[in-house]
Amino acid sequence: GQTDCKNCTAGKITPLEAAPECSNCAGGRYHEGWSQPVDSWILCKGCLPGTKSTSGQTDCKICPDGTGSGTAAAVCESCQAGFYRPNQDHLIWAGILDAKAAGISCDTSAGQKDPRCPAGCKSCEAGTWSSARSPNCTDCPAGFKSATQAANCDGRPVGKYQNEIKK
């Protein structure tokens, strides 16, 4: 006899028709629950840059300060020296979905300017520097300079000199 099919719980999908059990979405992906069209029953969505998820999740979490991620990431990674990621504590997953509903794609350059979208790691400008996992760039001291994406500043303080070559 025929049995009634049941929907999987949110965070799980049925990748095959008449599957005997539900499968978790992989890390870096999420499933909010059932809706139309039918592909929502079988597809997990990828997390956006600046967010992450573990297996079987219904949403993605915002990466902590000084860390970032690419698309569909299971973990957030430290921004390398010369890059930073500002405090994003004001962001919530619902806000990201609101931006999406408004036609804003958070994984584009234009979307990155929307205050509801998480940012990835950004490069420090010339004249500033950062260490790894930094939430901001620091201005170089007077008399020092740096290129973009710098891990430190070069130069000598004003009024100082070096008369020996370091070996």
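Modeller: With a definition: two residues are in contact when heavy atoms of theirs lie within 4.5 Å. Keep in mind that this model is predicted.

Biologist: Which residues is Q57 in contact with, leaving aside its neighbours within four places in sequence?

Modeller: Those residues are G11, R29, Y30 and H31. Q57 itself sits in the loop between β5 and β6. Its C-alpha is also 6.9 Å from that of C25, although the two residues are 32 apart in sequence.

Biologist: Is Q57 buried, exposed or partly exposed?

Modeller: Buried means under 20% relative accessible area and exposed means over 50%. Q57 has 25%, so it counts as partly exposed. A polar atom of its side chain lies 3.4 Å from the backbone oxygen of S55.

Biologist: How are the two rings of Y30 and W93 arranged?

Modeller: Planes over 60 degrees apart count as edge-to-face. Here the planes are at 80 degrees, with the ring centres 5.0 Å apart, so the pair is edge-to-face. Because Y30 lies in strand β3 and W93 in helix α1, the pair ties together parts 63 residues apart in sequence.

Biologist: Which residues of α1 are buried?

Modeller: W93, G95, I96 and A99 are. They cover an arc of only 160 degrees around the axis, which puts them on the same side of α1. What covers them includes β3, β5 and β6.

Notes: Residues are numbered from 1 along each chain as its sequence is written. This is a predicted model: local features need pLDDT of at least 70, side-chain atom pairs count only at pLDDT 80 or more; totals for chains, interfaces and linings use all residues. Side-chain values use heavy atoms; hydrogens and water are left out. Buried means under 20% relative accessible area, exposed over 50%, partly exposed in between (1.4 Å probe, protein chains only). Helices (H or I, at least four residues) and strands (E, at least two) are DSSP runs, numbered from the N terminus. The arc is that of the directions from the helix axis to the C-beta atoms. Rings of Phe, Tyr and Trp (its six-membered ring) pair if their centres lie within 6.5 Å; planes under 30 degrees apart count as stacked, over 60 as edge-to-face and the rest as tilted. A polar contact is a pair of N or O atoms within 3.5 Å; within protein, one must be able to donate a hydrogen and the other to accept it, and residues adjacent in sequence count only if both atoms are side-chain atoms.
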